[in-house]
Amino acid sequence: MSVTDASPTAPAGTPSGAAPGRGDRLLGRVLAGAEADIGDPLCPLRHSVRLDERHGRPVAWPSWVPPEIVAALQARGVAQPWSHQVDGAELAHAGRDVVVATGTASGKSLVYQLPVLTRFATDRRATALYLSPTKALAADQLRALDALAIPDVRATCVDGDTPAEERDWARRNARWIHSNPDMLHRSILPRHASWATFLRRLSYVVVDECHTYRGVFGSHVALLLRRLLRVAARYGSRPTIVLASATVADPGPFATVLTGRDVTAITDDGSPRSARTVALWEPPLLPELTGENLAPVRRPAGAEASRMLADLVVEGARTLAFVRSRRGAELTAIGARRLLADAAPDLCSRVESYRGGYLPEERRELESALARGQLLGVASTNALELGMDIAGLDAVVVAGFPGTRASFWQQAGRAGRAAEESLVVLVARDDPMDTYLVHHPDALLGAPVERCVLDPTNPYVLGPHLACAAAELPLTSADLEADGAFAGTPAAGVLDELVDDGVLRKRPTGWFWPSTQDMPAGSVDIRGSGLGQIALVESGTGRMLGTVDAGSAPATAHPGAVYLHRGESYVVESLDLDAGLALVHAETPDWRTDARSTADVEIVGELCRSEHGPVTVSFGETCVTTQVVGYQRRAPDGRILETVPLDMPEQTLETRAVWYTIDDAALADAGITPARIPGALHAAEHAAIGLLPLFAICDRWDIGGMSTALHPQTGLPTVFVHDGHPGGAGLAERGHGVLAEWLGATRAAIAGCGCPTGCPSCVQSPKCGNGNNPLDKAGAIVVLDLVTAALRTN
């Protein structure tokens, strides 16, 4: 079988036709199911590469590990540790803070298990705290630990589902607590006096899957860890921190910012990996369908994933399909079973979906069935991405780029843990990022993973945590000094503002929380934007369906909006932003709704400015004002049925942005007439927002933008891209630092899309408040050529 040419920069890869293995044969089955031939220009396979097998590097057990612990691990199948496991464990045993950033299934857990269990064996009073981003992962790690059956470990989970009597037992008796940042923030630290014995003996803090702590959430967790270490010091302990992560760029500096300590990175992966074929797949355009503004649309990635899942199951390949949403996971599994009902009815029962929202016993049953081979195909959200011990899969289908290279390789790593070769297929969605990657495979297969971006100095995040810290223990000037918990942050100025606002009281000895009853932690949402939450309540029953962020509520939960919740359709009756309440009722109309809004960006202050001939680039503080002014009811085929005006309040967001201006004369010389400027800038802005996640780990919904042919402050055509969170999250700053590469990739994504005038794969945005109008695809390419040329020559 012949395939497309392999990327010359793909890691340890060879062209897929060089030595066909099982991965290539499975890819051939996928191609046959699509009735596609490699030579056909309409073939959806854009690229494939075979990644070679990697041999493991086993080493001897460290001499300091007690024999009974070695015996327990060997009984569970760990004959010898890999080199990176021992390198990291040695540092942690010596009291050095360490982050191990190696691939999926590389055995990162052993890096912290060895030093923690050894400490437990030599110090019967020592304790440890394990933190994970999800309850499921903490429970999974606890089960693995219990399976070792090592005496006197006394490990338990403490999370929001833990009954009160079990929490009481944990406070008095547990030595290894498995928890999450939310529980640490809302329960353990505010009530630290009742955890005094545990904290006094705290020897290790394990931060698992630390690459998930990025953006605003990561900034919250960074300050939460500083609060933990501050309280632990109050009880006389200085725990060693061990962090584990999927491969990320610069893990040492990232972990240092996250923890506030100097952290050593272990990145040389000594574990084995079987060979696998990685294929990049772009679904075909559907000429019989059109989307917004008559733009062409592609066959949905979920539909392609259903077909691939069915084909691979027929082939006998144990396959996991990653889908972006809960509803998408359900629909992908249903679609695969529908196809199997015709081709192989006996296999229908061997395909299931897996997502959040299932009962714990349902999840465990599915995990067990997949691990045993009882299930051949599973469509899942990213719930199976982090940490679940699912081994030996033959294929992984990723329906839509998951947002970061790190997540892609994490999901891809679920395939090929056995000796048999495997297949990984990335199916592109109608999205600029996906389009760029399938046409530029070196950007995925041959490029380093992204940097995690976070900013614990953001005053909008720092202020609430200073209030929480003062409520836990009064803050003193020592906390702000070079070796204090909040060193390197603008804590002094933020504390002055908190005192002026009456949140804290200033005394000669420090800053105090004024109440002995109410604690601030309950009102600080570490996973939110800081703008609060709106509760969605069913008007007829009073049942709370869920919440939406207050910042996005006017666009997603305005009166008349069609709102989807767990696959069910509701219509919003009313929205009260002050009360934090949206009333809805169940209804299934034959239309969808799209909000329409206006936006304005005011430049508050330039922090950086550089001139490049006709182009000027700036980064600084901005105030973004948005207002939802109406919504459109649209038929399933995209036709506008009605435009309904709304009178929603203006919303302001003080944040940070990167922006560039272009001289009118330069645009005219490049062939962009004044009438084309708005559409060209608008299209360039949309595509840039879609590509920024390639350079900073984030989602396109974490950032926003605005373009204008004449900005009142710059007096020129201007394009802004801003953080979507108060105070900024470091994303626009990262974009400013890699502007030339970012805009170059943006230009390539637009030019590489096969549509004639613009579509969701290049310049249309799913969150555009102007209905994706005007957009000038050709003009955007000219604008980006002009800007990138100016950046290169100056």
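In which hand does α3 pass α4 in their crossing?

**Close-up 1. Packing of helix α3 against helix α4 in the predicted model.** The crossing in which α3 passes α4 is right-handed. Helix α3, residues 83-93, packs against helix α4, residues 109-122, at an angle of about 40 degrees, and their axes lie 8 Å apart. Because angles under 35 degrees would count as roughly parallel, that value makes α3 oblique to α4. From α3 the contact draws on His84, Gln85, Gly88, Ala89, Ala92 and His93, while α4 supplies Leu110, Val111, Leu114, Pro115 and Thr118. Sorted by class, the residues in the contact of α3 with α4 comprise 6 nonpolar and 5 polar, with no charged residue.

**Close-up 2. Packing of helix α9 against helix α10.** Helix α9 (residues 215-234) and helix α10 (residues 251-259) have axes that come within 7 Å and that cross at roughly 60 degrees; α9 and α10 are therefore oblique to each other. On the α9 side the contact is formed by Gly218, Val221, Ala222, Leu225, Arg226 and Leu229, and on the α10 side by Thr256, Val257, Leu258 and Thr259. The contact of α9 with α10 divides by class into 6 nonpolar, 3 polar and 1 charged residue, the charged class being the one that includes Arg.

**Close-up 3. Packing of helix α11 against helix α12.** Helix α11, which covers residues 301-314, and helix α12, which covers residues 326-343, pack at an angle of about 50 degrees with their axes 8 Å apart, and α11 and α12 are therefore oblique to each other. The crossing of α11 and α12 is right-handed. Helix α11 brings Gly302, Ala305, Ser306, Arg307, Leu309, Ala310, Val313 and Val314 to the contact, whereas Leu331, Thr332, Gly335, Ala336, Leu339 and Leu340 come from α12. In the contact of α11 with α12 there are 9 nonpolar, 4 polar and 1 charged residues.

**Close-up 4. The largest cavity and its lining.** A search of the whole structure finds 3 cavities of 30 Å³ or more, and the largest cavity holds about 50 Å³ of space. The residues that line the largest cavity are Val658, Trp659, Tyr660, Ala688, Val719, Phe720, Val721, Leu739, Trp742 and Leu743. Two or more of the lining residues are given by each of β28 (651-662), β30 (718-723) and α23 (739-752). The lining of the largest cavity has 10 nonpolar residues, with no polar and no charged residues.

Close-up 5. Most residues other than glycine have a negative phi, and most peptide bonds are trans.

Notes. Residues are numbered from 1 along each chain as its sequence is written. This is a predicted model: local features need pLDDT of at least 70, side-chain atom pairs count only at pLDDT 80 or more; totals for chains, interfaces and linings use all residues. Side-chain values use heavy atoms; hydrogens and water are left out. On a 1 Å grid over the protein atoms alone, a cavity is a set of points where a 1.4 Å probe fits but cannot get out, and a pocket is an open set with protein on both sides within 12 Å along at least five of seven lines; lining residues have an atom within 4 Å of a point. Grid points are joined across faces, edges and corners, and a volume is the space filled by probe spheres set on the points. Helices (H or I, at least four residues) and strands (E, at least two) are DSSP runs, numbered from the N terminus. Axes are lines fitted to C-alpha atoms, for helices over the stretch in contact, and angles run from 0 to 180 degrees between N-to-C directions. Angles under 35 degrees count as roughly parallel, over 145 as roughly antiparallel, 65 to 115 as roughly perpendicular and the rest as oblique. A crossing is left-handed if the near helix is turned anticlockwise from the far one by less than a right angle, and right-handed if clockwise. Contact means heavy atoms within 4.5 Å.
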